[in-house]
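Q: Could we go through this structure together? I would like to begin with its pockets and then move on to other topics.

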Amino acid sequence: MTQLINSIPLKHLTVALHNDFHNKVSEAIADFGAEALHIAPQAAAYAELIDRENSIVKRQTAYVSTIKLKVTDRTRDNGVGVVMQLINTHKTSIIPAKRKAAHGLAAITANYKGIARHHRRTLTREIDSLLAVLDTETARTHLATLAMTDEVEALRTANETTERERSKLTGGLNMPALF
C-alpha cells in the first residue's frame, strides 16, 4: 500500500530555497499528472499558491536596484573624472595643438571642476549642462584635437544610464533627498 509523506521540514529553508522546492514539486506533479497522483482537487490550489509565492520571491528587490544604481553612478563619476583629468593632463602636452586645445577646454569647463563630488541628483543636471557645453562647435573641435570624443560620449551614456536606473528605483518619482 502506498504511504503518504506526512511532513517535510521546510522551516530551515531560506525563502528562495522554499520557493524552489515548491516549484520542483509542482513540476513533478505536472510530469506525473495530478489525476494519477489522486490530488487533482488540491493541485489547482497548490499551483495558485506557488504562483503567488513566485510573484513575491522573484521580484527585484530595492537592494538589487540600489546596487545597480551605485555601479552606474560610480561609472558616471569615473567618466566625469576621466574627461576632466584628460583636459588637465593635456594642458602640459608637448604637442602645441593639444596644449592649446586643452587650455581652450579648460576655460570652457572651468565651472564644472569638482562636480563628481556633488549630490547625485544635482550631478545629473550638472553633467547634462557640461555635455551641452561640450557639444558646442568650439568644444567639439578641441575634443577632436585631443581625441576625446569617445570619452565624452561614454560619459553621456553613463549619465543617461544612471538616470534610467534611478528612475526605475524611484518608480519615476523625483526623490532627490533619498537617491
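Q: How much space lies in the second largest pocket?
A: In this predicted model, the second largest pocket holds about 310 Å³ of space.

Q: Which residues are closest to its centre?
A: The lining of the second largest pocket consists of 16 residues, and those closest to the centre are Met84, Gln85, Asn88, Lys113 and Gly114.

Q: And which helix gives the most to that lining?
A: Helix H3, which covers residues 62-90, gives the most, with 6 residues.

Q: How does the lining divide by class?
A: There are 8 nonpolar, 5 polar and 3 charged residues in the lining of the second largest pocket.

Q: Let us turn to helix packing. At what angle do H4 and H6 pack?
A: Helix H4 (residues 96-108) and helix H6 (residues 137-145) pack at an angle of about 140°, and their axes are 9 Å apart. The two helices are therefore oblique to each other.

Q: Is the crossing of H4 and H6 left-handed or right-handed?
A: The crossing of these two helices is left-handed.

Q: Which residues make the contact?
A: From H4, the contact involves Ala97, Lys98, Ala101, Gly104, Leu105 and Ile108. H6 contributes Thr138, Ala139, His142, Leu143 and Thr145.

Q: How do the residues of that contact divide?
A: The contact of H4 with H6 comprises 6 nonpolar, 4 polar and 1 charged residues.

Q: A new topic: where is asparagine 54 found?
A: Asparagine 54 lies in helix H2, which spans residues 40-57.

Q: What is asparagine 54 in contact with, leaving aside its neighbours within four places in sequence?
A: With those neighbours set aside, asparagine 54 is in contact with Asn19 and Asn23.

Q: How far apart are asparagine 54 and aspartate 20 in sequence and in space?
A: They are separated by 34 residues in sequence, while their C-alpha atoms are 9.2 Å apart in space.

Technical notes. Residues are numbered from 1 along each chain as its sequence is written. This is a predicted model: local features need pLDDT of at least 70, side-chain atom pairs count only at pLDDT 80 or more; totals for chains, interfaces and linings use all residues. Side-chain values use heavy atoms; hydrogens and water are left out. On a 1 Å grid over the protein atoms alone, a cavity is a set of points where a 1.4 Å probe fits but cannot get out, and a pocket is an open set with protein on both sides within 12 Å along at least five of seven lines; lining residues have an atom within 4 Å of a point. Grid points are joined across faces, edges and corners, and a volume is the space filled by probe spheres set on the points. Helices (H or I, at least four residues) and strands (E, at least two) are DSSP runs, numbered from the N terminus. Ala, Val, Leu, Ile, Met, Phe, Trp, Tyr, Cys and Pro count as nonpolar, Asp, Glu, Lys and Arg as charged, and the others, Gly among them, as polar. Axes are lines fitted to C-alpha atoms, for helices over the stretch in contact, and angles run from 0 to 180 degrees between N-to-C directions. Angles under 35 degrees count as roughly parallel, over 145 as roughly antiparallel, 65 to 115 as roughly perpendicular and the rest as oblique. A crossing is left-handed if the near helix is turned anticlockwise from the far one by less than a right angle, and right-handed if clockwise. Contact means heavy atoms within 4.5 Å.
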